[in-house]
Amino acid sequence: MQPRNMSMSGVVDLAAVKAAGEAKVKAEQARAEAARQGGGGAVPPSALVIDVDEAGFERDVLQRSAEVPVVIDFWAEWCEPCKQLGPLLERLAHEYNGRFVLAKVDVDANQMLMQQFGIQGIPAVFAVVAGQALPLFQGVAPEAQIRQTLDQLIQVGEERFGLTGIAVDQEAATAPEPAEVPAGPYDALLASAVQALDADDFAGAVQAYKNVLSDDPANMEAKLGLAQAELLSRVKEMDAQRVRESAAADPADVEAQLAAADLDLVGGHVEDAFGRLVETVRRTFGDDRDAARVRLLELFEVIGPEDPRVMAARTALARVLF
């Protein structure tokens, strides 16, 4: 397969002046917030090449792209050209030393992302810069051409979005790995959380689930339970009629839309809840947009990542974010 789309000439059409200006402001706000919270420090070299899935795409690609251009390598184990391109991109990611981050997406395990990007064949390489998606090339390309494309990408990131890359702590590469602490069992904590839910002690249930997740962040039962407990806690004292009237009267009232979405979900109107929040993300900016996006991700946790309604809403969310 011959490489194509090696030029960055389409960037101007894809990221119009207004969108670029808004993205630059959001990128600056995100960097300021990261600095305020003590983030934005030097990362180890291992953070320059990451595996990304659908669940972590928002955090690992979209949010990260406010700090540094993120190059996405769509690949599969059975793809022979991918085995040529992948190691080259990984080597360049380390050589460029924080000027971009390489995100690797296994298309077999993340077919929805492949569909969202409209990929017809692999390997395919895209970039996301300050939330703006850019097609780079498809197929295996000579290293010189890839370097030229990366240089253009970095220049776009710097000049249009103010992205100067991330600092890399090379000494961290030799730091010893922390000893792995075995997780669980958590039967007693999970049982106490269920008992708290049954007693309408939502605060107690939230704390019990958080205790599990503090030791085992990937515990799916605790993640699902926490999302459910937090949702029930939010709607417990709501005046449903007042919330719905407020949401209907003022679609720009983000807090009202969030509350109405919670009521929709508790009432079993899953598509309505998701659609309301996707529309709120579409029409808002800055903190309001982030609040709606985060709430939508929280409601995804309540329903579960494999539910087709969640998968459809993720697709819709990606469209309005891009």
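Colleague: Why is Ala130 called buried in this predicted model?

Modeller: Ala130 has a relative accessibility of 11%, and buried means under 20% relative accessible area, so Ala130 counts as buried. The residue sits in the loop between strand 4 and strand 5 (132-138), and its phi is positive, at about 50 degrees, although Ala130 is not a glycine.

Colleague: What makes Asn97 count as partly exposed?

Modeller: The relative accessibility of Asn97 is 35%, and since buried means under 20% and exposed means over 50%, with partly exposed in between, Asn97 counts as partly exposed. Asn97 belongs to the loop between helix 4 (80-96) and strand 3 (101-106), and its phi is near 55 degrees, which is a positive value in a residue other than glycine.

Colleague: How do you know that the length of helix 8 agrees with its number of residues?

Modeller: Helix 8 covers residues 202-215, and at 1.5 Å a residue its 14 residues should span 20 Å; the expected span is 1.5 Å times one less than the number of residues.

Colleague: Why are the buried residues of helix 8 said to line one face?

Modeller: The buried residues in helix 8 are Phe202, Ala205, Val206, Ala208, Tyr209, Val212 and Leu213. Seen down the helix axis, these buried residues fall within an arc of 165 degrees, so they line one face of helix 8. As a general rule, an α-helix has 3.6 residues a turn, so residues three or four places apart point the same way. The face of helix 8 turned away from the buried side carries the exposed residues Ala203, Ser214 and Asp215, while the cover over the buried residues includes helix 7 (187-198) and helix 9 (220-235).

Colleague: Why do both Arg295 and Asp262 count as buried?

Modeller: Buried means under 20% relative accessible area, and Arg295 has a relative accessibility of 15%, so Arg295 counts as buried. Asp262 has a relative accessible area of 1%, and therefore Asp262 is buried as well. Arg295 is found in helix 13 (residues 286-303), whereas Asp262 has its place in helix 11 (residues 254-266). Leaving aside residues up to four places away in sequence, Arg295 touches Arg234, Leu258, Asp262 and Leu277, and Asp262 touches Leu231, Arg234, Val235, Met238, Arg295 and Leu299.

Colleague: What lines the largest cavity, and which elements give two or more residues to its lining?

Modeller: A search of the whole structure finds 1 cavity of 30 Å³ or more, and the largest cavity has a volume of about 90 Å³. Its lining is made of Glu54, Phe57, Glu58, Leu62, Met112, Leu113, Gln116, Arg314, Leu317 and Ala318. The elements that give two or more residues to this lining are helix 3 (57-63), helix 5 and helix 14 (308-321). By kind, the lining residues of the largest cavity divide into 6 nonpolar, 1 polar and 3 charged.

Terms used: Residues are numbered from 1 along each chain as its sequence is written. This is a predicted model: local features need pLDDT of at least 70, side-chain atom pairs count only at pLDDT 80 or more; totals for chains, interfaces and linings use all residues. Side-chain values use heavy atoms; hydrogens and water are left out. Helices (H or I, at least four residues) and strands (E, at least two) are DSSP runs, numbered from the N terminus. Buried means under 20% relative accessible area, exposed over 50%, partly exposed in between (1.4 Å probe, protein chains only). The arc is that of the directions from the helix axis to the C-beta atoms. Contact means heavy atoms within 4.5 Å. On a 1 Å grid over the protein atoms alone, a cavity is a set of points where a 1.4 Å probe fits but cannot get out, and a pocket is an open set with protein on both sides within 12 Å along at least five of seven lines; lining residues have an atom within 4 Å of a point. Grid points are joined across faces, edges and corners, and a volume is the space filled by probe spheres set on the points. Ala, Val, Leu, Ile, Met, Phe, Trp, Tyr, Cys and Pro count as nonpolar, Asp, Glu, Lys and Arg as charged, and the others, Gly among them, as polar.
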